[in-house]
Amino acid sequence: MVDEEKEWDGHDEVLKLINAKPELKDISKQLRKNEEKKIFEDILWSLIFYRIELQKHFADQSTAGTLDKHSMYQYCKEYIDSDFAHCPFLTNSILEQMIDVELLQIEHESDNTVFSAHTHSGATSLGTIITDPFNNIFSFAVSSLFLVFGLTAIYFLFSAGLILAAYATALILPWLFAGSIIRYFNSKRENKLHTGITVNLRKIREEISRHSFDPGTISGRIKNLEHEGLYISSLVYPLLNIEERK
């Protein structure tokens, strides 16, 4: 994989993108300073690179949490600080990528939350290869079986005259079972919250993709999602300000 990344330099893709988009071609022609031209091409290179990386990560959920967000934020900041490179196509495209990064993270965290809940509720490794809703049924069945075994153990302990052991088991069993149930329902609640944020964030992304939106309204909607628990890079807001000034 490392060798493939080294072989891809992206130079041809940058030239193709410039030739395909009149607004990029106009900016490229107007740039007289070599330094600015290099910054402009670096931004385009990063845009293409992270487009490919995001596609890979969305396709392979096992790597969903491993994207180098720091480097992506750096290229975004470089674009914000480079007034000569500003244009609707780049602003919208970078906005889409910034939102995609958060969607990727939310989906990754949501998967981990559900997996953790199934593990704590008594599901063995077999439960991890059974898809919902069967995973939920399997987890509940294992927990119920655990409860039945516990009640049976209490009955036999009482029958054998082991009163203290029976009482100790009777105290521990509900605590363990209740803890599993609480963790399960907490995970479902968190998953529902993640789902709600994901749905609304996807709607925002779709609106940006159509290149017809009000930046102030979009900014307000993202802030509302942040109040619900979303964390998104603050660089999104300067990008929206660029779009508002166009």
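How close do the axes of helix H3 and helix H4 come, and at roughly what angle do they cross?

1. In this predicted model, the axes of helix H3, residues 22-30, and helix H4, residues 34-59, come within 9 Å and cross at roughly 155°. Because angles over 145 degrees count as roughly antiparallel, H3 is roughly antiparallel to H4. The crossing of these two helices, H3 and H4, is left-handed.

2. On the residue level, the H3 side of this contact consists of Leu24, Ile27 and Ser28, and these meet Lys37, Phe40 and Leu44 on the H4 side. By class, the residues of the contact of H3 with H4 divide into 4 nonpolar, 1 polar and 1 charged.

3. Helix H3 also packs against helix H2, residues 11-20, at an angle of about 105°, and here the axes are 5 Å apart. Since an angle of 65 to 115 degrees counts as roughly perpendicular, H2 is roughly perpendicular to H3. From H2 the contact takes Leu17, Ile18, Asn19 and Ala20, while H3 brings Pro22, Leu24, Lys25 and Ser28; sorted by class, the residues of this contact of H2 with H3 are 5 nonpolar, 2 polar and 1 charged.

4. Elsewhere in the chain, helix H5, residues 69-81, and helix H10, residues 236-245, have axes that come within 10 Å and cross at roughly 30°, and the crossing of H5 and H10 is left-handed. This contact is made by Cys76, Tyr79 and Ile80 of H5 together with Pro238, Leu239 and Ile242 of H10. The residues of the contact of H5 with H10 comprise 6 nonpolar, with no polar and no charged residues.

5. The largest pocket deserves a separate point, and about 210 Å³ of space lies in it. Of the 13 residues that line the largest pocket, the closest to its centre are Arg51, Glu96, Gln97, Asp100 and Arg205. The lining as a whole divides into 5 nonpolar, 4 polar and 4 charged residues.

6. Which helices each supply at least two residues of the lining of the largest pocket? They are H4 and helix H6, the latter spanning 88-120, and H4 gives the most to this lining, with 6 residues.

Notes
Residues numbered from 1 in each chain as written. Predicted model: local features only at pLDDT ≥ 70, side-chain atom pairs only at ≥ 80, totals over all residues. Heavy atoms only, no water. Axes fitted to C-alpha atoms, helices over the stretch in contact; angles between N-to-C directions. Helix = DSSP H or I, 4+ residues; strand = E, 2+ residues; numbered from the N terminus. Parallel < 35°, antiparallel > 145°, perpendicular 65-115°, else oblique. Left-handed = near helix turned anticlockwise from the far one by under 90°. Contact = heavy atoms within 4.5 Å. Nonpolar A, V, L, I, M, F, W, Y, C, P; charged D, E, K, R; others polar. 1 Å grid on protein atoms, 1.4 Å probe; cavity = no way out; pocket = protein on both sides within 12 Å on 5 of 7 lines; lining within 4 Å. Points joined across faces, edges and corners; volume = space filled by probe spheres on them.
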